[in-house]
Amino acid sequence: MTIMLHFLVWLTAGFTTGDAGAEQPCTCKGQETFPVPPASKSTLFYIQRTPNTNTILYDLNLDKGVPDEEDPVHAYWIRYQEEGQQEDLSFIQRNYAYGLKTKKLSADKYELRFVSYKKLPFYLVKAADSRYHVLATINGRSIHVSRVFLQIEGGSFWLPNVVCAEVKGTDPVTGQEVIQNFKP
């Protein structure tokens with residue numbers, strides 16, 4: 001619960017979408033020992049954050065081969081700090097922190113916004129490879145998002161000190177890995 005509130009406060013306290021030069025660069029530390037969750041054909045991206053390795057995964061939720069219009073993305077935990085089991089988000093986590101509000105924009109495109117931070121749109125899009133990806137613009141650069149990492153150092157229960165955020169993925173044009181770090 002504490003980590004969820006840290007994430008919620010981090011999102012509401014200043015995560016930005018990347019106006020050129022607006023963020024201060026940083027280097028996220030401590031993620032080297034975090035497990036990489038098992039990927040499936042439906043995995044879109046995941047979130048990890050200090051101080052523990054529990055991970056939130058976001059999977060494509062299909063209905064008859066197309067994204068479910070009401071719930072195109074399913075979010076759930078992998079509880080590495082316990083027994084590595086999968087667990088659905090709780091009501092509070094889904095509605096106040098890690099859940100997504102979705103809006104269908106076209107047959108193959110949805111807008112996704114975290115319930116705790118509506119300023120940063122992610123987009124679920126069907127790409128040229130006929131697969132769905134999550135696209136975001138961070139620091140003025142488009143990224144097919146695969147991972148978000150938050151480094152938290154101290155602070156309080158209600159106001160954690162997020163010292164660095166990292167968004168990792170691939171460039172949708174070149175396919176090269178892209179890592180964008182910034183201090184929120």
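Colleague: Why is R141 called partly exposed?

Modeller: R141 has a relative accessibility of 33%. Buried means under 20% relative accessible area, exposed means over 50%, and partly exposed is in between (1.4 Å probe, protein chains only). The value of R141 is 33%, so R141 counts as partly exposed. A word on the source: this is a predicted model, where local features need pLDDT of at least 70, side-chain atom pairs count only at pLDDT 80 or more, and totals for chains, interfaces and linings use all residues. Residues are numbered from 1 along each chain as its sequence is written, and side-chain values use heavy atoms, with hydrogens and water left out.

Colleague: Is D171 buried or exposed?

Modeller: D171 is buried, because its relative accessibility is 14%, and the limit for buried is under 20%.

Colleague: How do you know that R147 forms a salt bridge with E166?

Modeller: Their closest N and O atoms are 3.8 Å apart, so they fall within the 4 Å limit. R147 lies in strand β11 and E166 in strand β12, so this pair ties together parts 19 residues apart in sequence. R147 is buried, with a relative accessible area of 8%, and E166 is buried with 8%.

Colleague: What makes E177 exposed?

Modeller: Its relative accessibility is 54%, so E177 passes the mark of over 50%. E177 forms a salt bridge with K168, with the closest N and O atoms 3.5 Å apart. K168 counts as partly exposed, at 27%.

Colleague: Why is the link of C26 and C164 called a disulfide?

Modeller: A disulfide is a pair of cysteine sulfur atoms within 2.5 Å. The S to S distance of C26 and C164 is 2.1 Å, so the pair qualifies. C26 sits in the loop between α1 (2-12) and β1 (43-49), and C164 in strand β12 (residues 160-170), 138 residues apart. C26 is buried at 17% relative accessible area, and C164 is buried at 1%.

Definitions and conventions: Helix = DSSP H or I, 4+ residues; strand = E, 2+ residues; numbered from the N terminus. Salt bridge = Lys/Arg side-chain N within 4 Å of Asp/Glu carboxyl O.
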